[in-house]
Amino acid sequence: MQDTFEPKIALDGERFTIQYMHRYGYSSMSNPHYHPVYEIYYLMKGERVYFMNGQVYTLQQGDIIVINPNDLHSTSSSEIPEFERILINFSSDFLAPAYTTEPCFLPFEPGSRLIRFPLKEREPVDKLFLDMLTECREQQEGYAAYVRALLSELAHPDSPALPADDE
């Protein structure tokens, strides 16, 4: 088996990047890191251990970790060494054209967190991420605007793709 590690695809001069990875075997980041942009880590397959702001999370298939700018984080293998993920980084101004007014929250308030979906609700989330990846790979006319719209759908507090806060 061979790892699939695609290069990051960037839009708007790195205001948005997306990357797909499928890896076999154990792996971990040597050092925690942070960056000045938002990060969305979507685990499509497998299991990963995520360290964020002094907390430890075990991600399962279909989980999303949302990391706010400047939050310290890293990831490592769990007992299940194979995983598949999509990683998105974006600045808050990347979403600005998708809103006629300022979004009612800075995209992923209340802070960095794990979002876990029931199995029956994963399909629309999967589709959003795969559509963003496909659009960025194919780069057909208008793809940047469509990717922005998909991300804003994921980021919007009333999105059907996100569970309600009380779940």
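Reader: What should I keep in mind about the model before we start?
Author: The model is predicted, so local features need pLDDT of at least 70, side-chain atom pairs count only at pLDDT 80 or more, and totals for chains, interfaces and linings use all residues. Residues are numbered from 1 along each chain as its sequence is written, and side-chain values use heavy atoms, with hydrogens and water left out.

Reader: Why is Tyr-34 called exposed?
Author: Buried means under 20% relative accessible area, exposed means over 50%, and partly exposed is in between (1.4 Å probe, protein chains only). Tyr-34 has a relative accessible area of 55%, so the word is exposed.

Reader: Where is Tyr-34 found, and what does Tyr-34 touch?
Author: Tyr-34 is in the loop between β3 (16-23) and β4 (38-52); strands are DSSP runs of E with at least two residues, helices are runs of H or I with at least four, and both are numbered from the N terminus. Contact means heavy atoms within 4.5 Å. Leaving aside residues up to four places away in sequence, Tyr-34 touches Asn-70, Asp-71, Leu-72 and His-73.

Reader: What makes β8 largely enclosed by the rest of the structure?
Author: Of the 8 residues of β8, 8 are buried, so the strand is largely enclosed. Phe-83, Arg-85, Leu-87 and Asn-89 point one way, while Glu-84, Ile-86, Ile-88 and Phe-90 point the other way.

Reader: How do you know that β8 pairs with β3 and with β4?
Author: Two strands pair if DSSP finds at least two bridges between them. For β3 and β8, which run antiparallel, there are 8 bridges, so they pair. β4 and β8 are also joined by 8 bridges in the antiparallel sense, so they pair too. Ile-18 stands opposite Ile-88 in β8, and Lys-45 stands opposite Glu-84 in β8.

Reader: What makes a group of residues a nonpolar core, and which members of the largest one touch the most others?
Author: A nonpolar core is a set of buried Ala, Val, Leu, Ile, Met, Phe, Trp, Tyr and Cys residues joined through side-chain atoms within 4.5 Å. The largest has 30 residues, and Phe-16, Ile-18, Ile-64, Ile-88, Phe-129 and Met-132 touch the most other members. Strands β3, β4 and β8 and helices α2 (122-138) and α3 (143-155) are among the elements that each supply at least two residues of this core. Apart from this core lies another, of 10 residues, including Leu-59, Ile-65, Phe-83 and Leu-87.

Reader: Why is the contact between Arg-137 and Glu-6 called a salt bridge?
Author: The term asks for a side-chain nitrogen of Lys or Arg within 4 Å of a carboxyl oxygen of Asp or Glu. The closest N and O atoms of Arg-137 and Glu-6 are 2.7 Å apart, so the pair qualifies. Arg-137 lies in helix α2 and Glu-6 in the loop between β1 and β2, so the bridge ties together parts that are 131 residues apart in sequence.

Reader: How do you know that Asp-12 and Arg-148 form a salt bridge, and is each buried or partly exposed?
Author: Their closest N and O atoms are 2.4 Å apart, so they meet the cut-off. Asp-12, at 35% relative accessibility, is partly exposed, whereas Arg-148, at 11%, is buried. Asp-12, Arg-15, Asp-93 and Arg-148 are linked in a network of salt bridges.
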